[in-house]
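Hi everyone, thanks for having me. Let me put the structure up on the screen, and then we'll walk through two parts of it together.

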Amino acid sequence: MIELRQVSHSFGSGWVLRDVSLQVGSGQIVAVVGASGCGKSTVLNFISGLLHPTEGEVRVHGRPVTGLQPHKIGYMFARDGLLPWRTAQANVELGLELQHKPDRRRTALRFLEMVGLADAGGKHRSELSQGMRQRVALARTLAPDPDVLLMDEPFAALDAQTRLALSSRFLTLCQARPYTVVWVTHDLAEAVSLSDEVVVLGDQPARVVARHRVPFGRPRDLVPLSTQPEFQRLVSRLWDDIGTPVLS
Ligand SMILES: Nc1ncnc2c1ncn2[C@@H]1O[C@H](COP(=O)(O)OP(=O)(O)OP(=O)(O)O)[C@@H](O)[C@H]1O
Ligand SMILES: [Mg+2]
């Protein structure tokens, strides 16, 4: 479904990524983790077609990615990107409008309900907390029903309870509608909880330093899962792969 073949990239001064290869099967959820600045968002940008790698090839559905394919790919950026002059509801309707989808109001409301914001549809961005904005952005990404979801730290601004509730709801949704997902998180336990595979990028130039298959099927119950020794072993393996963080 998604394939990166020996992708290398330079923004002009040295390599940022070197020989990164990745395969994501249909309906799989793959997390990309690694230190800040190592190239995770850049990988999502390649898959979305926003950015073209200096070397190597990116394929989605077996075809080389040559430009944006917004009707097939939903991309939730790390920043919410909501239009401030539109209400939450109208922001969720945006992608549906661009694709001339019918029944936009009802679809948007369904996804606002899914993120727990059915009552906030009339609010503007300035009236929403950061976590609420992120949830609207998730609803907006899901509403046009893309096959592929790219999500950059989708749950980062949420408090612990909302984060757990929303991420379990997201997994439930993935059972009914098996999106192919590549997502980025800084939370290694969250990466294991929600994914079928976790890919670790090393420091610059980033390469894939490890990939771990997550040994838990789906659906899964997130709270009991996190107390299992196998879960905790995998999280500490990921810490080992990433290494001790150093700020320069
Ligand atoms: N448009 C750009 N021009 C020049 N350099 C860039 C550009 N975009 C990203 N970079 C550089 O590429 C590297 C990877 O950036 P990227 O945003 O992919 O990192 P990241 O892993 O997503 O980081 P974070 O976890 O902090 O979001 C960084 O060193 C960054 O400075
Ligand atoms: Mg990033």
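Here's a question to begin with: are H2 and H4 roughly parallel or roughly perpendicular to each other? Keep in mind as you look that this is a predicted model. Helix H2 covers residues 88-98 and helix H4 covers residues 130-142, and their axes cross at roughly 30°. Angles under 35 degrees count as roughly parallel, so H2 and H4 are roughly parallel to each other. Their axes come within 7 Å, and the crossing is right-handed. On the H2 side, the contact is made by Ala88, Asn91, Val92, Leu94 and Gly95. On the H4 side, Val136, Ala139 and Arg140 take part.

Now let's move to a strand, E7, residues 148-152. Is E7 mostly covered or mostly open? Mostly covered: five of its five residues are buried. Val148, Leu150 and Asp152 point one way from the strand, while Leu149 and Met151 point the other way.

So who are the neighbours of E7? One is strand E6, residues 73-76, which runs parallel to E7 and is joined to it by four bridges. Here, tyrosine 75 has leucine 150 of E7 as its bridge partner. Another is strand E8, residues 180-184, which pairs with E7 over five bridges, again in the parallel sense.

Note on methods. Residues are numbered from 1 along each chain as its sequence is written. Chains are lettered from A and ligands numbered from 1 in the order in which they are written. This is a predicted model: local features need pLDDT of at least 70, side-chain atom pairs count only at pLDDT 80 or more; totals for chains, interfaces and linings use all residues. A residue is buried if 20 or more other C-beta atoms lie within 10 Å of its own, exposed if 12 or fewer, and partly exposed in between; C-beta atoms are placed from the backbone. Helices (H or I, at least four residues) and strands (E, at least two) are DSSP runs, numbered from the N terminus. Two strands pair if DSSP finds at least two bridges between them. Axes are lines fitted to C-alpha atoms, for helices over the stretch in contact, and angles run from 0 to 180 degrees between N-to-C directions. Angles under 35 degrees count as roughly parallel, over 145 as roughly antiparallel, 65 to 115 as roughly perpendicular and the rest as oblique. A crossing is left-handed if the near helix is turned anticlockwise from the far one by less than a right angle, and right-handed if clockwise. Two residues are in contact if their C-beta atoms, placed from the backbone, lie within 7 Å.
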